[in-house]
Amino acid sequence: MSEKKPSVLEGFKTFLTRGNVVDLAVAVVIGAAFTNVVNSVVKGMINPLVGAIGTKNLDSYSLCLKDPCKVAADGTVQSGVPIMWGSVIGATLSFVITAAVVYFLMVLPMSKYLARQEARRKAKEGTHEVIEITELEVLKEIRDALVAQRGSGHDER
């Protein structure tokens with residue numbers, strides 16, 4: 001009476017054939033492609049706007065905690081303790097832009113579409129229920145009319 005446990009390979013096969021894995025893979029691929037779009041927006045639009053005030057490269061904004069701060073061209077710190085706050089602002093801007101584009105171009109339209117579909121479904125169900133109630137009422141009226149007719153028929157006999 002011992003139950004056979006699924007093998008590791010069967011479990012792995014089940015895991016791979018679930019829809020979630022495929023959806024996740026698609027999301028990663030689209031996310032990677034979308035990253036290029038966001039980076040282009042930051043490089044082509046945001047950085048020039050910031051460049052009108054200061055420099056086009058946000059990475060050059062920093063604060064030195066321990067003087068003298070010297071950073072090599074490859075980004076390695078030679079002396080001091082630099083805080084690269086420009087990089088943080090650049091990454092934050094990229095995140096906010098990504099979130100805004102995803103929300104306004106994907107999430108919001110899809111939410112509105114799904115809400116319309118749900119409203120149509122509910123309206124259709126509401127109509128169906130009204131029809132059922134109306135049919136039930138008609139059947140009750142027919143029954144009552146038949147009972148009344150039988151009752152009047154018995155009295156005549």
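Student: What share of the contacts in the chain with a separation of 6 or more comes from residues 24 or more positions apart?

Tutor: Residues 24 or more positions apart account for 34% of those contacts, where a contact means heavy atoms within 4.5 Å. This is a predicted model, in which local features need pLDDT of at least 70 and side-chain atom pairs count only at pLDDT 80 or more, while totals for chains, interfaces and linings use all residues. Residues are numbered from 1 along each chain as its sequence is written, and side-chain values use heavy atoms, with hydrogens and water left out.

Student: Which elements does the chain run through from the N terminus on?

Tutor: The order is α-α-β-β-β-β-α, which comes to three helices and four strands. Helices (H or I, at least four residues) and strands (E, at least two) are DSSP runs, numbered from the N terminus.

Student: Why is the link of Cys64 and Cys69 called a disulfide?

Tutor: A disulfide is a pair of cysteine sulfur atoms within 2.5 Å, and the sulfur atoms of Cys64 and Cys69 are 1.8 Å apart, so the pair meets the definition. The count by this rule is one disulfide, and the link, with 90° about the S-S bond, is right-handed.

Student: What makes Cys64 and Cys69 partly exposed?

Tutor: Buried means under 20% relative accessible area and exposed over 50%, with partly exposed in between (1.4 Å probe, protein chains only). Cys64 has 26% relative accessibility and Cys69 has 29%, so both values fall in between and both residues count as partly exposed. For the chain as a whole, buried residues make up 8% of the 157 residues.

Student: How do you know that Glu118 forms a salt bridge with Arg121?

Tutor: A salt bridge is a side-chain nitrogen of Lys or Arg within 4 Å of a carboxyl oxygen of Asp or Glu, and the closest N and O atoms of Glu118 and Arg121 are 2.3 Å apart, so the pair qualifies. Glu118 and Arg121 are three residues apart in helix α3 (residues 85-156), and are therefore separated by about one helical turn.

Student: How many salt bridges are found in the whole structure?

Tutor: The search finds three, including that of Arg143 with Asp144, whose closest N and O atoms are 3.0 Å apart. Arg143 is partly exposed at 47%, and Asp144 is partly exposed at 42%.

Student: Why can Val81 belong to a nonpolar surface patch?

Tutor: Patches are made of residues with over 30% relative accessible area and no salt bridge, like charges being joined within 9 Å and nonpolar side chains (Val, Leu, Ile, Met, Phe, Trp, Tyr) within 5 Å. Val81 has a relative accessible area of 36%, so its value passes the 30% cut-off. Val81 is found in the loop between β3 (77-79) and β4 (82-83), and makes a patch of about 530 Å² together with Leu63, Leu65, Ile83, Trp85 and Ile89.

Note on methods
Areas by Shrake-Rupley, 256 points an atom, 1.4 Å probe, with all protein chains shown as cover.
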